Amino acid sequence: MGKRAGSAAGGSKAGGAKAKAAGGKVKAASGKVKAGAATAQGAAALAWLKDNRQAGIGRLVDWLKIPSISTDPAYSQDVARAAKWAADRLAEAGLKVEICPTGTKEKPGHPVVLATCEGDAEYAGPHVLFYGHYDVQPCDPLELWESPPFEPVIRGPRTGEAGGERVVARGAVDDKGQVMMFLEALAAWKAASGKPAGGMRLTVMLEGEEESGSANLDAFVRSRKKQLKACEVCVISDTGMLDRGKPAITYGVRGLAYTEVVLHAANQDLHSGLWGGRCPNPITELTRVLAQLHDGKRRVTIPGFYDAVRPLSKAERANWAGLGFNAAAALKKIGLSAAADVGEAGFTTLEREWGRPTAEINGIVGGYTGKGAKTVIPAMASAKVSFRLVADQDPAKITKAFFAWCKERTPPGCRWELIDHHGGYGVTVPIDSPHLEAAQGAIQAATSKRAALIKSGGSIPVAGMLKSELGIDTIFMGFGLDDDRVHSPNEKFELECFDMGARSHVLLIERLLGHKG
Ligand code: BES
Ligand code: MN
Ligand code: MN
């Protein structure tokens, strides 16, 4: 999730951490960094967080026990339970909560938890929309988990592992643990002020289908357009930090177009001795086509693929270069040598991840994959092919262009079945907005560190939707680390990150409350 070694990026100035801190440090050794709360109520909210830390971790553990896997219909009752669990926490924090069904009668989706508080009449800050997702990825391969994915364990690092105490479970960092930081911040403000969110105007939207492509979110957002349009900025905690102890604000995520291509040949599996050489082998033919996806410079060959890609600016390239990112060290962590630093020619690692689109084959199956040997020419072969998109690339257009490209290459005698799974636009938000400055200030006050400005190659479909349908920008304030094993066995969230995130959210609310018209 997070990003690696390096120093903070340039960007907007500190968000005016002012007045005397009512709690915690006022000045760090540098004399520049102000830390802690700026108001008595903020200090009380931070104190509540500290006093209730164990209980908060216990609450997270409870939520993590619910196997809310959104892709697998077998878990739909559990997904609903996880929604109800979050709704109860929001109600306890004083918000008005609705559990909203999505989809249609024939094809029901998972619910969206929508909660609101009106805020004080004198509240002069922006109406904030907090988005998170309570669904999780499937757990396979199950045998690689050291402890069962839905029996959360709090433990220290194993020998050779970096970091401190962590909670290990599916959803620990993506995204229940990060949503929990915000739920704890709301509980803290309720306790400190007696008011929901301390009196700020807030809408909370928790989705149950992010990991399966947010299929029903678009329709949901449109159906609630009037209500959601009142929001001025979205806050999402579903991204990572620059490195351990190095908080970051992510100012852009990539878009996604996800497809599946199935190549059908004969109407039955065939003996490869009797039929080999006489008719198409769909695995051979499919891989011949897919091998053409990239040219010698590892650029995607689909006509028009790069049309809407905005070139990287000099300033941005310089900022990223200044992060001191060590590509070789990152590769080493995943068992690769520096020779594996490959991708589109002419761009650095960070440029390729943050600012360039890609085509990836995510899975490919066909024929005999069991033990031993079987001489067969299968009737079909299939592949999952997805594209990470940047800037203005339209996922629907990219999918269409890819399918047309496939059809032009239909192997003789074969037939395509082309499936459009899901997609979403990428987003980049301005780095000089007052909202981003508020987040910067909050993180600085919470951690005594200045957040680095980074982008991420991952995708969060709601962000593009909010921008295109409601015109709302998003602040991605996430606290994951790049060794958190997101989507993998033994997913974890380090408690130090959890604490930093909860404090940062408490102080973000404080800042917004202190906003003067
Ligand atoms: N939280 C992740 C995305 C992410 C991770 C963004 C780290 C930035 C840093 C999110 O839950 C996710 O996994 N998104 C999917 C897309 C979705 C449509 C399945 C992804 O990026 O593959
Ligand atoms: Mn996520
Ligand atoms: Mn995810």
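How much space lies in the second largest cavity?

A: About 50 Å³ of space lies in there (volume being what's filled by probe spheres set on the grid points, joined across faces, edges and corners). This is a predicted model, with pLDDT of at least 70 needed for local features and 80 or more for side-chain atom pairs, while totals for chains, interfaces and linings use all residues. Residues count from 1 along each chain as written, chains are lettered from A and ligands numbered from 1 in written order, and side-chain values use heavy atoms, without hydrogens or water.

Now for the domains. An automatic or database assignment gives domain 1 as 38–253 + 426–513 and domain 2 as 255–309 + 357–424. Their C-alpha centres sit 36 Å apart. Seven residues of domain 1 contact six of domain 2 (heavy atoms within 4.5 Å). The two domains bury about 500 Å² between them, 45% of it on carbon and sulfur (accessible area lost on being put together, 1.4 Å probe, summed over both). Gly213, Gly426 and Ser459 supply 67% of what domain 1 buries there, more than any other three residues.

Technical notes:
1 Å grid on protein atoms, 1.4 Å probe; cavity = no way out; pocket = protein on both sides within 12 Å on 5 of 7 lines; lining within 4 Å.
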